[in-house]
Amino acid sequence: MSDQRDFDEFLTKFKSHYGLVREELHKVVIGQDEVIEQLLAAVFTGGHCLLVGVPGLAKTLLVSTLARVLDVNFKRIQFTPDLMPSDITGTNVLDEDEHGRREFRFVHGPVFTNVLLADEINRTPPKTQAALLQAMQEKEVSAGQTTYDLPDPFFVIATQNPIEQEGTYPLPEAQLDRFMFNVKVDYPSLDEEERILAATTGGVKEEVRKVLSAKSIVYLQKQISQIEATPRTIQYVTRLVRATRPGDDRSPGFVKDLVDWGAGPRAGQYLIQGGKAIAAMDGRPSVTLDDVRRVAVPVLRHRLSTNFQAQAEGVDSVSVVERLVAEVPEPEIAKYE
């Protein structure tokens, strides 16, 4: 009972801290409530985010402000066509001491931080994009014969402009799959845009408070992982993920017609982790099916590949996911005689 009371107290405090973080972010970023919720859900579960939106929607500002609010180390890499993998991970340099003895020393790159902003990640060639693969999955970097651990916590938050084609390199599917959420940053509403113009043209710069430290974030991640995902929730997530695969016997007919390949098991892991974060933000000790549905689009939209027929019919991956969420049945609740 005392453990349950302690956990309930943790959820109450976490909900309060979550509200404080949002409040500080909204001092600088007006609107974008859904984007902020998904971004924080990834942070509190140790996931990475890909922010996709046209220029000028405060994607970079949102990430840099988040790093200031969380009181963690922050590095920004502007991805360009001439960027090399060693510019991200670091490189070995030859040092000579006072006795004339030479030895190699590893100089850490900007990836050795807590929050890494990969700005316009699709502007650099695939070999440089691949420099982040090991960092995002294993949270370590290999250089020569030595492997270096990255700081804890570690998040990659990448931005991407979906409309530019000149000088861009689409992200490979293996890299896309490492992002927990693909977050669409949309235009603000009329009221929000008026507030943005009023706030940003007056010459007053809002200051934000530091709310959570790196150590606190690691603690929160461990506690949130303890939130319960019932067998029924796991069954629903499994059904939803498997329904995205056209080769699966139980996938709907429209998936077989419109999808080339679907999501892998990592999608199910992220659906449950995202659901746990949503439950914690609401102060609840267990995940509901509605929590899973709430994160289904950002988790699955970049893990499905639609075919030519879908493109001809004007159907994208988001439409497929939304239809699946509406049609995949919930597992029946076991009845006791």
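Q: How many aromatic pairs does the structure hold?
A: This predicted model holds 7 aromatic pairs.

Q: Why is the pair of Phe10 and Tyr219 called edge-to-face?
A: A pair of aromatic rings is described by the distance of the centres and the angle of the planes. The ring centres of Phe10 and Tyr219 lie 6.1 Å apart, and their planes stand at 90°. Centres within 6.5 Å make a pair, and planes over 60 degrees apart count as edge-to-face. The Phe10 and Tyr219 pair is therefore edge-to-face.

Q: What makes the pair of Phe10 and Tyr219 one that ties together parts apart in sequence?
A: Phe10 belongs to helix H1 (residues 2-28), whereas Tyr219 belongs to helix H9 (residues 214-224). The parts tied together by this pair are therefore 209 residues apart in sequence.

Q: Does Phe10 count as buried or exposed, and why?
A: The relative accessibility of Phe10 is 7%. Buried means under 20%, so Phe10 counts as buried.

Q: Why does Tyr219 count as partly exposed?
A: Tyr219 has a relative accessibility of 46%.

Q: Which residues form one aromatic cluster with Phe10 and Tyr219?
A: Phe7, Phe14 and Phe44 form one aromatic cluster together with Phe10 and Tyr219.

Q: Why is the pair of Phe112 and Tyr148 called edge-to-face?
A: The ring centres of Phe112 and Tyr148 are 6.5 Å apart, with the planes at 80°. Edge-to-face requires planes over 60 degrees apart, so this pair of Phe112 and Tyr148 is edge-to-face.

Q: Which parts of the chain does the pair of Phe112 and Tyr148 link?
A: Phe112 is in the loop between strand E4 (102-108) and strand E5 (115-119), and Tyr148 is in strand E7 (residues 146-149). The two residues are 36 residues apart, and the pair links distant parts of the chain.

Q: What are the burial classes of Phe112 and Tyr148, and why?
A: Phe112 has a relative accessible area of 13%. With the limit for buried at under 20%, Phe112 is therefore buried. Tyr148 has a relative accessible area of 21%, so Tyr148 is partly exposed.

Q: Why are H12 and H13 called oblique to each other?
A: Helix H12 (residues 265-281) packs against helix H13 (residues 289-300) at an angle of about 130°, and the axes are 8 Å apart. Angles over 145 degrees count as roughly antiparallel and those from 65 to 115 as roughly perpendicular. H12 and H13 are therefore oblique to each other. Their crossing is right-handed.

Q: Which residues meet where H12 and H13 pack?
A: In H12 the residues include Tyr270, Leu271 and Ile278.

Q: Why are H10 and H13 called roughly parallel?
A: Helix H10 (residues 231-242) and H13 pack at an angle of about 30°, with axes 11 Å apart. Angles under 35 degrees count as roughly parallel, so H10 and H13 are roughly parallel to each other. H10 passes H13 in a right-handed crossing. Among the residues of H10 that meet H13 are Tyr236, Val237 and Leu240, and the H13 residues include Leu289 and Ala296.

Q: Why does Thr306 count as buried, and what does Thr306 touch?
A: Thr306 lies in strand E11 (residues 305-306). Its relative accessibility of 17% is set against a limit of under 20%, so Thr306 counts as buried. Not counting residues up to four places away in sequence, Thr306 touches residues including Leu258, Val259, Val315 and Val320.

Q: Why does Ala143 count as buried?
A: Ala143, in strand E6 (residues 140-143), has a relative accessibility of 15%. Buried means under 20%, so Ala143 counts as buried. Leaving aside residues up to four places away in sequence, Ala143 touches Asn92, Phe106 and Tyr148.

Q: Which residues does a cis peptide bond join?
A: A cis peptide bond joins Asp152 and Pro153, with omega about 5°. Pro153 is placed in the loop between E7 and strand E8 (155-160).

Conventions:
Residues numbered from 1 in each chain as written. Predicted model: local features only at pLDDT ≥ 70, side-chain atom pairs only at ≥ 80, totals over all residues. Heavy atoms only, no water. Phe/Tyr/Trp six-rings, centres within 6.5 Å; stacked < 30°, edge-to-face > 60°. Helix = DSSP H or I, 4+ residues; strand = E, 2+ residues; numbered from the N terminus. Buried < 20%, exposed > 50% of the residue type's maximum accessible area, 1.4 Å probe, protein only. Axes fitted to C-alpha atoms, helices over the stretch in contact; angles between N-to-C directions. Left-handed = near helix turned anticlockwise from the far one by under 90°. Contact = heavy atoms within 4.5 Å.
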